Amino acid sequence: NIIVKSQVAYTLELRTSNRVSNDDILECALLIALGLFRQADYRQADVQSIEEYTKIVQMLALDCTKDIPDSLFEQLEDSLNEIVIPVIQMLGTMNENQETGNRLSPQEVLATFQMATAECINKCLTYIGDGYQIEQKRAFSGYYPRDNLPISAARFLSKRIMDASKYIKDDRAEQSCLGMLATLGECARDIEQIQKAVDVSLELTEGKVTELTPYPIPEALANAYQEAGDIDNALKYYKLALEGIRTFVMRNKTDAIVLNACLVQAQVDCTEALKMAFEFSPHFSDMQQFGLIGAGRGLLVQQCEAWARELGYGSLDAAKDVLTKKD
């Protein structure tokens, strides 16, 4: 808080000094917003002392599906933004007066503050209720573990981030915003929202998963299509996620991605599913050996053994020798 207060004071001083351009003022304000976004995990102690947060938690603890009034989330936002209110008011004035910069606009910086506040609320409510435990059980049963957030929070924050995404175009924030949009869409079970986030994100990286592609793009969309029974689209987006693994782009749920990609592929062709497992699973290759072992890895090995027997191979090693042999 001490650092943020000094940054706020410095930004306001620049505004009144008339010595710098609007770009400089907006850049300073943007850096504050980006800092708050990146520090969301560390702001939880401050959030827990806020009265509105306590009310929300008490309501959700009894029933995580309970409909929380938007007004309560809005009050929580106001409390979280209290430390940066002077900068937000300054940006509002600049926006009203159409004082913009060459690289940034007041509206974009305001949207980035909105994103930072939404991320803080997201982090603080992720483990409220039994949703997280349910998803972990799903993972140990072979399902892709979805991100968890109480549905009322996911819907409220989705509206906030959907609005913010219209204005955030700076390279330092745009992909993060799209990643949030996908995460919240996953929590709200909104496949159209996830699709929009994935489409825009992949457009920025020429259709590929790169080090710039935020979690959980595109695997959240692949899982959403898998659960909807749309095998073609599920396979399309799982394959994109696997290509990211091939290029050593760390994915948070590598084992779950590989397992479910193979399960979807097996509905079309078991031989191709085995090839996919041998190529992308850390168990069979050098891909992401430094990552944590997920629940899906052991389940994948068991499934691969079953596929190998079904295809007439004497062992899994025999299947691997044949299917990974270079022509």
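A helix here is a DSSP run of H or I at least four residues long, and helices are numbered from the N terminus. The exercises below concern a predicted model.

**Exercise 1.** Find which helix gives the most to the lining of the second largest pocket, and describe that lining.

*Solution.* Begin with the space itself, which amounts to about 390 Å³ in the second largest pocket. Its lining has 17 residues, and N1, L36, R43, D46 and I83 are those nearest the centre. Next, list the elements that give two or more residues to this lining, namely α1 (2-17), α3 (44-47) and α5 (70-80). Of the elements, α1 gives the most, with four residues. Sorted by class, the lining holds nine nonpolar, four polar and four charged residues.

**Exercise 2.** Describe the lining of the largest pocket by its central residues and by class.

*Solution.* The largest pocket has a volume of about 1200 Å³, and among its 48 lining residues K123, D147, Y215, N252 and K253 lie nearest the centre. Elements giving two or more residues to the lining include α7 (106-125) and α14 (254-266). By class, the lining divides into 19 nonpolar, 16 polar and 13 charged residues.

**Exercise 3.** Work out how α7 and α9 are oriented to each other, and which residues meet.

*Solution.* First take the geometry: α7 packs with helix α9 (residues 151-164) at an angle of about 160°, the axes being 9 Å apart. Angles over 145 degrees count as roughly antiparallel, and the two helices, α7 and α9, are therefore roughly antiparallel to each other. Their crossing is left-handed. Finally, turn to the contact, where residues of α7 including A111, M115 and L125 meet a set in α9 that includes A153, L157 and I161. The residues of this contact comprise nine nonpolar, two polar and two charged.

Terms used: Residues numbered from 1 in each chain as written. Predicted model: local features only at pLDDT ≥ 70, side-chain atom pairs only at ≥ 80, totals over all residues. Heavy atoms only, no water. 1 Å grid on protein atoms, 1.4 Å probe; cavity = no way out; pocket = protein on both sides within 12 Å on 5 of 7 lines; lining within 4 Å. Points joined across faces, edges and corners; volume = space filled by probe spheres on them. Nonpolar A, V, L, I, M, F, W, Y, C, P; charged D, E, K, R; others polar. Axes fitted to C-alpha atoms, helices over the stretch in contact; angles between N-to-C directions. Parallel < 35°, antiparallel > 145°, perpendicular 65-115°, else oblique. Left-handed = near helix turned anticlockwise from the far one by under 90°. Contact = heavy atoms within 4.5 Å.
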